[in-house]
Amino acid sequence: MIHKLYSAYDLPADHDTCHLFEHLIIRRFLKETEKVGGNRAFTGELDGTTGESSVFFTSALFTSESNTLFEKTINDITPFEISLIQQSISHIEAEMQSNIDIADMTLLQEQLALCQKYFIDSQKTAPSNSHPKSKIPPLKISHSPKDFTDVKIDI
């Protein structure tokens, strides 16, 4: 197994947008894995964590090809597809038992693009704390656990 840690501190977006960025990277990697004939069950482990506006990925991948594919994914500056954003938001809603509304899709896409740029830059150079943050949050989150049902499956 190939173990690696990737991190970027103080990205230029709020926690919620950075959390979405984390999910988008992982979801994009899983889609790319499927495109090359791989299966997420046999790739290894990939975890993401967001703390404030810092994002961390820990990977334990079985092959160097998977590791290369993940590094290609985190260095990809292609804008995230709206369908991928919607899928990731749905996943976060279930994870947080919250409803998420996109207040401004254009602003959200701009902030995600900045996160991509600064994440890539932080992998190449020493981290900088000089990233200006947007004052306007593009996501509105309302904690609403009653909207979600817990399901237990015994196997």
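This is a predicted model: local features need pLDDT of at least 70, side-chain atom pairs count only at pLDDT 80 or more; totals for chains, interfaces and linings use all residues.
**Entry 1: second pocket**

I started with the lining of the second largest pocket and wrote down Arg28, Lys31, Glu32, Lys35, Asp76, Thr78, Pro79, Phe80, Glu81 and Leu84. Sorted by class, its lining comes out as six charged, three nonpolar and one polar residue. Helix 1 is the top contributor to this lining, with four residues.

**Entry 2: largest pocket**

Next I looked up the largest pocket, which has a volume of about 260 Å³. Its lining holds 14 residues, and the closest to the centre are Ile26, Arg27, Leu30, Arg40 and Leu46. I then checked which elements supply at least two lining residues each: helix 1 (15-35), strand 2 (44-51) and helix 3 (82-96) do. Helix 1 gives the most here too, with six residues.

**Entry 3: the core**

Which residues have the most contacts inside the largest nonpolar core? I found Leu20, Phe21, Phe57 and Phe70, in a core of 31 residues. Strand 1 (2-8), helix 1, strand 3 (54-61), helix 2 (64-74), helix 3 and helix 4 (105-124) give two or more residues to this core. Helix 1 gives the most, with eight residues.

Leaving aside neighbours within four places in sequence, I listed Leu11, Val55, Phe80, Leu112, Cys115, Gln116 and Phe119 as the contacts of Phe21. Phe80 had already turned up in my notes, in the lining of the second largest pocket.

**Entry 4: helix 2**

Last stop was helix 2, where I noted Ser66, Asn67, Leu69, Phe70, Thr73 and Ile74 as buried. Why do they end up on the same side of helix 2? They cover an arc of only 160° around the axis, so they share one side of the helix. The spacing rule behind this sort of pattern: an α-helix has 3.6 residues a turn, so residues three or four places apart point the same way.

I also checked the face of helix 2 turned away from the buried side, and that face carries the exposed residues Glu65, Thr68 and Lys72. As for what covers the buried residues of helix 2, my list includes strand 1, helix 1, strand 2, strand 3 and helix 4. Phe70 is one of the buried residues of helix 2, and I had already logged Phe70 among those with the most contacts inside the core.

Notes: Residues are numbered from 1 along each chain as its sequence is written. Side-chain values use heavy atoms; hydrogens and water are left out. On a 1 Å grid over the protein atoms alone, a cavity is a set of points where a 1.4 Å probe fits but cannot get out, and a pocket is an open set with protein on both sides within 12 Å along at least five of seven lines; lining residues have an atom within 4 Å of a point. Grid points are joined across faces, edges and corners, and a volume is the space filled by probe spheres set on the points. Ala, Val, Leu, Ile, Met, Phe, Trp, Tyr, Cys and Pro count as nonpolar, Asp, Glu, Lys and Arg as charged, and the others, Gly among them, as polar. A nonpolar core is a set of buried Ala, Val, Leu, Ile, Met, Phe, Trp, Tyr and Cys residues joined through side-chain atoms within 4.5 Å. Buried means under 20% relative accessible area, exposed over 50%, partly exposed in between (1.4 Å probe, protein chains only). Contact means heavy atoms within 4.5 Å. The arc is that of the directions from the helix axis to the C-beta atoms.
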